[in-house]
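Have a look at the structure first, then read on.

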Amino acid sequence: MKKWMSLMMAAFLAVPVLSGCGSSTTPSTTEGKATTEAATPQDENTDIVVIGAGGAGLSAAVEATDAGAKVIVLEKMPMVGGNTTRATAGLNAAGTEAQKKKGIEDSQELFYQDAMKGGYNKNNPELVKVLTTQAKDSVVWLESMGADLSDVGRAAGASVSRIHRPTGGAAVGSNVVSTLKDKVKEKNVDVRLKNKAVEILKDQEGKVTGVKAENKDGKAYTINAKAVILATGGFSANQDMVISYKPELKGFATTNHPGALGEGIKLGEGVGANLVDMAEIQTHPTVVPEKGVMVTEAVRGNGAILINTDGKRFINELLTRDVVSKGILDQKDGVAYLFFDEGLRKGLKAVEEYFNMQLVTEADSVEELAGKIGVDKDAMTQSVKTYNDAVAAKQDKEFQRDDLPLQLNQGKVYAIQVTPAVHHTMGGLQINTNAEVMNKEGQVIKGLYAAGEVTGGVHGGNRLGGNAMADIVTFGRIAGQNAAKAAK
Ligand SMILES: Cc1cc2nc3c(=O)[nH]c(=O)nc-3n(C[C@H](O)[C@H](O)[C@H](O)COP(=O)(O)OP(=O)(O)OC[C@H]3O[C@@H](n4cnc5c(N)ncnc54)[C@H](O)[C@@H]3O)c2cc1C
């Protein structure tokens, strides 16, 4: 067993401390309202039940409430946010005001081409069209509610800078979740923490009629509804399920929150939903062994390089996640070091979290740093010099990296050891462009909608960094709007 395998196994078994975890998404919502009134909860009626209070579910809840529907949100965890709280790098959109202010030329067509190419053209083109044309509106919508998406950076697989995040390159997820959380609170949406959906109900014609749930005391109750929206996220934290679709990922840790167990997929299957792309599971290349902390792609996007334990660069750091993951696994012990300097640190607030968590080795010179991490000093010094020369010459002859934002020679230098971990499940429930869930016969399951990582098709064979945040907000909004229409 390679060294990284045993390290990763340990991380899977431990509850991981992950990127974005420290940010506050404390519950502000009603907890098990039904249970405080009676020991045995009564059946209830509503227009729409949203299952899952991550970015997709909260976006759907805001839109549906705005359209006049009565909404109940079920969230099984003691807090809202799910994986969305952990998102760090940003949200992709083309043609935004923030891009224009920075003089970045982008187009929805280029965004579409990048998403399709990144997904190896396995993506559903119609869903990608919706994503790439409407992500810009999602940015405007989030900003209108107070989110900060004013900074724009570069992510792997993107032809131009289009990943939007808060000022100074701060983490995106906690900002978006707290914005949406404030909005549902302001609108008095009934958000029930520690309430888990266990079954979707349907009538004899196959139309969805509600949800069976368990309240915080584990007591079952039924909510009759005109429409149900599944927004339960992916299944990266369900190791058995991951291995069942991709056996080679046995032993890998995950970057995900412990609730990412794929329950929504099972709930959908219970009413006949079709599944697509289930074996398309992404590893994120830069996760700290044993700790399970993901180092955001923005670090590479802002200029960091990867060095192996021989002190050498070995890959274009901005290739897609699957390629870079494989590149790292091919190195000795399946690990590498992210290398950056004080100059990069100053331009990306998100890295401060890694310093606070004591994941960074620091030194005054490359030579000293190499000594501290046990890497050949001459080889590492030469690698950094060759890279800095390439930045000056605006040409990376070694690995053809086309985005060379800065030389790594300002002040202190830093290294973080990294290895890949299970990060994103691209497959899930098949939806159409209205976010309606499809059955195995290619027909819409009436009354059932889905959005976010529980769905499949948007990202094809590989998701680009920043596209999930765009996906969950865009399709979450569409699901909320259409479910509200259907409920009228
Ligand atoms: C560390 C990390 C960093 C990331 N960074 C980025 C990034 O910078 N940019 C980007 O685009 N993407 C990023 N991603 C991916 C992105 O965050 C996720 O794909 C996205 O947030 C998923 O949103 P969601 O609303 O579909 O699911 P989630 O946010 O996971 O929400 C689903 C919710 O459903 C709840 N739930 C599940 N089952 C039930 C049930 N049976 N009953 C009730 N509730 C249930 C869960 O508890 C959870 O709260 C990152 C992911 C991780 C893990």
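**Notes on the domain interface**

1. Let's start with a specific pair. Asp403 and Arg154 form a salt bridge, and their closest N and O atoms are 3.1 Å apart. Keep in mind as you look at the pair that this is a predicted model.

2. How many salt bridges are there between domain 1 and domain 2? The count comes to two. On the side of domain 1 that touches domain 2, the residues split into 11 nonpolar, 11 polar and three charged.

3. Now for where the domains lie in the chain. Domain 1 is made of two stretches, 44-280 and 426-487, while domain 2 covers 283-422.

4. What does the contact between them involve? From domain 1, 25 residues take part, and they meet 27 residues of domain 2. About 2000 Å² of area is buried between the two domains, with carbon and sulfur atoms giving 56% of that area. Polar contacts turn up here too: 11 residue pairs across the interface, counting those with both residues at pLDDT 80 or more.

5. A word on confidence. The protein chain has an average pLDDT of 92, and 92% of its residues score at least 70. Residues 1-36 are the stretch to treat with care: pLDDT there is below 50. The model still gives residues 1-36 a total of 93 contacts beyond near neighbours in sequence.

Note on methods
Residues are numbered from 1 along each chain as its sequence is written. This is a predicted model: local features need pLDDT of at least 70, side-chain atom pairs count only at pLDDT 80 or more; totals for chains, interfaces and linings use all residues. Side-chain values use heavy atoms; hydrogens and water are left out. Domain bounds come from an automatic or database domain assignment. Contact means heavy atoms within 4.5 Å. Buried area is the accessible area (1.4 Å probe) that two parts lose on being put together, summed over both. A salt bridge is a side-chain nitrogen of Lys or Arg within 4 Å of a carboxyl oxygen of Asp or Glu. A polar contact is a pair of N or O atoms within 3.5 Å; within protein, one must be able to donate a hydrogen and the other to accept it, and residues adjacent in sequence count only if both atoms are side-chain atoms. Ala, Val, Leu, Ile, Met, Phe, Trp, Tyr, Cys and Pro count as nonpolar, Asp, Glu, Lys and Arg as charged, and the others, Gly among them, as polar. pLDDT is the predictor's confidence in each residue, from 0 to 100.
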